[in-house]
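Biologist: Can you put the model up? I'd like to go through it with you.

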Amino acid sequence: MGLVPVAGDSKEMGLGGGFVVPDTNSFGQTFRDYDAASERQKSVEEFYRANHIHQTYDFVKKMREEYGKLDRVEMSIWECIELLNEFVDESDPDLDEPQIEHLLQTAEAIRKDYPDEDWLHLTGLIHDLGKVLLHPSFGQLPQWAVVGDTFPVGCAFDESNVHFKHFKENPDYDNPKYNTKLGVYSEGCGLENVLMSFGHDDYMYLVATENRTTLPSAALFAIRYHSFYPLHKHGAYQYLLNKEDRENLKWLHIFNKYDLYSKSKVRIDVEEVKPYYLSLIEKYFPAKLKW
């Protein structure tokens, strides 16, 4: 499938008529500035306070067991996309648009720069579909259990995590079983053996794999870890990675550019692009999925 990442940083990758990284987000501010005095700053910090307090090792194990059953709804990928229209991500300081706008902006930006990597276009479209956990059909989970940056549980919280100070109220913070560098893990154990904070990333990964998608491993890695900013932005938790993780991380760095910087006020004509994405869904997924 041509899994060869293009070299160069994000600015270089925007040359030649492709996607150009914008200077500011939807609010005219720098991206992922969690201290910027905006209308969203207070609500975003309160979100992370709840997230960091409640995302414990035991909580994650319980949620993965419950939601890994995939016994709530049967629906198509596109039906899921339409469900997301009514939600705005409270953890995101860069965007206040309905989710379908972000999904299509991400996918279309990737499509411009990587026209032959159709699996990557589809990854852009579906990477946030796990946010349906906010819907009543899925138990209407609180936002702190669905969105936001993700991080490993079962080992020490790295200080690169946004609003790190709030972890001090997490029960695992002072638990000697979980608060060392490796915690319950071993060096180089591989991320597939690490419990991540529960949310839409891990849930969509479970949905994709259990429904036997034919997407390549790089796509599944991007879906599962696209919110793992401590790793792909700050280089934290490297000691948990294995060789395959390091290869897939190259693609995640590419994917993240489009996930983060495509959050703009540019509108996509849904009906115009819908046939193309329906053809990709049919190629890589069954008609109906268990969720």
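Modeller: Here is a short walk through the fold, the confidence and a few residues.

Biologist: What kind of model is this, and which pLDDT cut-offs apply?

Modeller: It is a predicted model, where local features need pLDDT of at least 70, side-chain atom pairs count only at pLDDT 80 or more, and totals for chains, interfaces and linings use all residues. Residues are numbered from 1 along each chain as its sequence is written, and side-chain values use heavy atoms, with hydrogens and water left out.

Biologist: What is the mean pLDDT of the protein chain?

Modeller: The mean is 87, and 81% of the residues reach 70 or more. pLDDT is the predictor's confidence in each residue, from 0 to 100.

Biologist: Where does pLDDT stay under 50?

Modeller: Residues 1-17 stay under 50, and the model has 32 contacts for them beyond four places in sequence. Contact means heavy atoms within 4.5 Å. Residues 21-34 are also below 50, with 51 contacts beyond near neighbours in sequence.

Biologist: Now the fold. How many helices and strands does the protein chain have?

Modeller: Eleven helices and two strands. These are DSSP runs numbered from the N terminus: helices are H or I with at least four residues, strands are E with at least two. The order from the N terminus is α-α-α-β-α-α-α-α-α-α-α-α-β.

Biologist: How much of the chain is buried?

Modeller: Of its 291 residues, 58% are buried. Buried means under 20% relative accessible area, exposed over 50%, partly exposed in between, with a 1.4 Å probe and protein chains only. Among contacts between residues at least 6 apart in sequence, 79% join residues at least 24 apart.

Biologist: Let's switch to H5 and H6. How do their axes cross?

Modeller: H5 covers residues 99-113 and H6 covers 118-126; their axes come within 7 Å and cross at roughly 165°. The axes are lines fitted to C-alpha atoms over the stretch in contact, and angles run from 0 to 180 degrees between N-to-C directions. H5 and H6 are therefore roughly antiparallel. That label applies to angles over 145 degrees; under 35 is roughly parallel, 65 to 115 roughly perpendicular, and the rest oblique.

Biologist: Which residues of H5 meet H6?

Modeller: Leu 103, Leu 104, Thr 106, Ala 107, Ile 110 and Arg 111 in H5. Their partners in H6 are Leu 120, His 121, Gly 124 and Leu 125.

Biologist: Why is H6 called largely enclosed by the rest of the structure?

Modeller: Because nine of its nine residues are buried. Trp 119 and Ile 126 are among them.

Biologist: On to the loop between H6 and H7. Is Phe 138 buried or exposed?

Modeller: Phe 138 is buried, at 0% relative accessible area. The loop holding Phe 138 leads from H6 to H7 (200-210). Val 73 is 65 residues away from Phe 138 in sequence, but 8.0 Å C-alpha to C-alpha.

Biologist: And Leu 191, buried or exposed?

Modeller: Leu 191 is buried, with 0% relative accessible area. Leu 191 sits in the loop between H6 and H7. Its contacts beyond four places in sequence include Phe 221, Tyr 225, Phe 228 and Asp 245.

Biologist: Last one. Which residues is Ser 76 in contact with, leaving aside neighbours within four places?

Modeller: Ala 287, Lys 288 and Trp 291. Ser 76 is in the loop between strand S1 (74-75) and helix H4 (77-83), and Ser 76 is buried at 16% relative accessible area.
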